[in-house]
There are 2 protein chains.
Amino acid sequence: MKKTKSIKNVLFLIAGLLFITAVQAQEIQRNRGPQVVSPEIAKDKSVTFRIHSADAKSVSVNGSWMGMGESLEMTKGDEGVWSAKTGVLEPSMYHYNFILDGVSVLDPTNPQAMRDGRRYASTLIIPGEGSEFVEVNDVPHGSLTKVWYDSPTLDLNRRMYVYTPPGYADSKEKYPVLYLLHGGGGDEDAWTSLGRANYILDNLIAAGKAKPMIVVMTNGNPDQTVAISDQKMKPAADAPAAGGPMTMGAMDFPNSIVKDVIPYIEKHYRVLTNKENRALAGLSMGALQTQLTGMNNPELFNYLGVFSIGLQMEFGDTTTDLIKAYDTNLDVLKRNGFKLFYIGVGKEDFVYEGVTLLRKKLDEHDFDYIYNETGGGHTWANWRTYLSDYAPRLFK
Amino acid sequence: MKKTKSIKNVLFLIAGLLFITAVQAQEIQRNRGPQVVSPEIAKDKSVTFRIHSADAKSVSVNGSWMGMGESLEMTKGDEGVWSAKTGVLEPSMYHYNFILDGVSVLDPTNPQAMRDGRRYASTLIIPGEGSEFVEVNDVPHGSLTKVWYDSPTLDLNRRMYVYTPPGYADSKEKYPVLYLLHGGGGDEDAWTSLGRANYILDNLIAAGKAKPMIVVMTNGNPDQTVAISDQKMKPAADAPAAGGPMTMGAMDFPNSIVKDVIPYIEKHYRVLTNKENRALAGLSMGALQTQLTGMNNPELFNYLGVFSIGLQMEFGDTTTDLIKAYDTNLDVLKRNGFKLFYIGVGKEDFVYEGVTLLRKKLDEHDFDYIYNETGGGHTWANWRTYLSDYAPRLFK
């Protein structure tokens, strides 16, 4: 016993040594200056950001808690360490970048970051009520799987995420399914990396607020096999024209949900396969896909969640057509026993007018819905909130 | 039909519009300069890096294809765009950072990046023979799951990755299992994000080189529930002392593999549960854990892979004890029908001497092993190579 202990202690040292040796090379190259701590969250929930650069001409921080176009200048102190302190921040999940001589960069000392489309941002969770629901708390956690599935409709083998709730692997039970769609510029990674959907569900289920359910998060860009982070790089001559992610044709995707995704899930997972146990929700472009899929397939879903989009008149004929689908199928949905139409939108969102028109359309048909109007705009903070409000209302 | 087409075309436009609107705000803030393309891989496999900063005093690029301490200066051209062109690079997977006024930053226009411990680096795959085996090729892909499991040995509920091969979900077959351990400073993300283990296995299996197998990738830091990227941030006063990842106690982990991980996998997956169908491998710290686990449990594994570590004399008593375990159990392994001891090391690796001692120890016992000596040092390029050489030799 004593012997074991002493071996262990020596081994502790070894582990440390090994680590030091292995990364020393990097450290020497990258870290020539003083050690800095950033972000430093104070007890009062203000945050100090720091970065070391003896040579930078200007450094500022741009964060998701700020208004459009705002940033916080950092000032240069001893030994070339730049710093800035925020006011008190509300408990929430935020992302931010430093702007270093005009370049948007990660906080070099923060190990938490995420990809937003083609860019990376550092992340920051101010603990407290308002962020607990997105944290990795000490509760049972579901599994999150990257699954490749055949999509005959899009003629691709492609990737999606499947969240199975805690207990799935140990039970023989069948579960209801929420299909959850990302917005323009996003991909299959978005709802878990930016949206924290898996942790939100873990927390809701642990608190008894949501029923255990499977959540399926697809890639809504129908020409992508996989998120851009995992795509093959091509020599420049073969590369597609530079530009944003490929969202063209995004509206082919509703067909694929119906013909490819749902059948795959219902074949490979222990799920309940009727409309009482199917929900669909999406944000922005995904909320347009949600409306199209839901209205054109009134036999498939009893629950629709439309986050941050509505009947946008700027879309012309399409909106006219979508309105026709509403006029035709809202009554079908009612007769079918449809359960919940959920709308979430921020007061400052650029789609606000379209959402107002959508509500009018529903009112016209005397069609019940839940309307969650929050502050803010077209933001992940809102989408996380809508998911955490929507999921508890499902399958009850 | 015509109608559908025309709706589709309008919807194409909408998807584009939506995307533009949604990200415009970010673009305006972050992208005040000219559009740059970076990295640009030329047909001859040289690479041009570019970054826009009107104000930077100096910019260079530091990449994993360079020798220790080297970097490539970038020069400022028109409109504040800095650039540098490499020589011809061998097809491989690389990572790199720009050093912008002394700060290590991502390439802002490269959507591919990874976390290495507490830091992020941009990634770059030069296509060709030598990188095909790590690419996302058009082959069947296995599933990759983040699973939380109870570890009574470590008194934690914690996360690991499980790769199930293509076809697993559609078969009733039982599969062999490779347990794959990361090194110091790493965590459960490492073998898939830096190591591309899932894509390596996809490619080997598709080529008929490796048998379909399950690969289990744990977190070998026994005080972590989850990688640092997903840990709760704490207000500064509650935070642990600043420093590297917590590898202290890393050697408690072998017990947990045996008592917690293997039983969990054998309960929840369709796997073959004998030593003929269990393999273990690890790199650096994980290779020390591999040796300890394998030598102290000679009934468990028929295959051991020891990447980039050996009998390091600088570890004193521990190495003495490990040598005793070899002296005792190598003969037991032989009698048990042990199949493969695999050693990989780079000529320039700082552990090279220890690996030579390990080989001597095996020779002393007339114990067969496969020895793969490559160029380079303690690098992921080598570990990806060793995995791709080791996996095809398993379970045959």
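**View 1. Helix α7 of chain B in the predicted model.** Helix α7 of chain B (residues 352-364) has 13 residues and spans 18 Å from its first C-alpha to its last, close to the 18 Å expected at 1.5 Å a residue. That expected span is 1.5 Å times one less than the number of residues. Helices (H or I, at least four residues) and strands (E, at least two) are DSSP runs numbered from the N terminus. This is a predicted model, in which local features need pLDDT of at least 70 and side-chain atom pairs count only at pLDDT 80 or more, while totals for chains, interfaces and linings use all residues; side-chain values use heavy atoms, with hydrogens and water left out. Residues are numbered from 1 along each chain as its sequence is written, and chains are lettered from A and ligands numbered from 1 in the order in which they are written.

View 2. Buried means under 20% relative accessible area, exposed over 50%, and partly exposed in between (1.4 Å probe, protein chains only).

**View 3. The loop after α7(B).** B:Asp366 follows α7(B) and belongs to the loop between α7 and β18 of chain B. Its phi is near 55 degrees, a positive value in a residue other than glycine. Most residues other than glycine have a negative phi, and most peptide bonds are trans. B:Asp366 counts as exposed, at 60% relative accessibility.

View 4. Five of the five residues of β16(B) are buried. In a regular strand the side chains alternate between the two faces of the sheet. In β16(B), one side carries B:Tyr303, B:Gly305 and B:Phe307 and the other B:Leu304 and B:Val306, and both faces are covered. Strand β15 of chain B (residues 278-283) pairs with β16(B) in the parallel sense over five bridges; two strands pair if DSSP finds at least two bridges between them. B:Leu304 is the bridge partner of B:Leu280.

**View 5. An open sheet of chain B.** Four strands are arranged in the order β1-β2-β6-β5, with antiparallel pairing. β1 (40-41) and β5 (75-76) of chain B stand at the edges with a single partner strand each, so one side of each is left without a neighbour in the sheet. The partner of β5(B) is strand β6 (residues 81-88), joined to it in the antiparallel sense over two bridges. B:Thr75 stands opposite B:Ser83 of β6(B).

**View 6. Nonpolar cores.** A nonpolar core is a set of buried Ala, Val, Leu, Ile, Met, Phe, Trp, Tyr and Cys residues joined through side-chain atoms within 4.5 Å. The largest has 49 residues, and those with the most contacts inside it are A:Tyr179, A:Ile214, A:Ile265, A:Tyr269, A:Tyr326, A:Phe341 and A:Leu362. Helix α4 of chain A (residues 253-268) supplies the largest share of this core, six residues. A second, separate core of 48 residues includes B:Met295, B:Leu311, B:Phe315 and B:Ile343.

View 7. A cis peptide bond joins A:Ser38 and A:Pro39, with omega about -5 degrees. A:Pro39 is in the loop between α1 (2-30) and β1 (40-41) of chain A. In chain B, a cis peptide bond joins B:Ser38 and B:Pro39, and omega is about -5 degrees. B:Pro39 lies in the loop between α1 (2-30) and β1 of chain B.

**View 8. A:Arg196 in its loop.** A:Arg196 is placed in the loop between α2 (190-193) and α3 (197-206) of chain A. Phi of A:Arg196 is positive, near 55 degrees. A:Arg196 is buried, with a relative accessible area of 9%.
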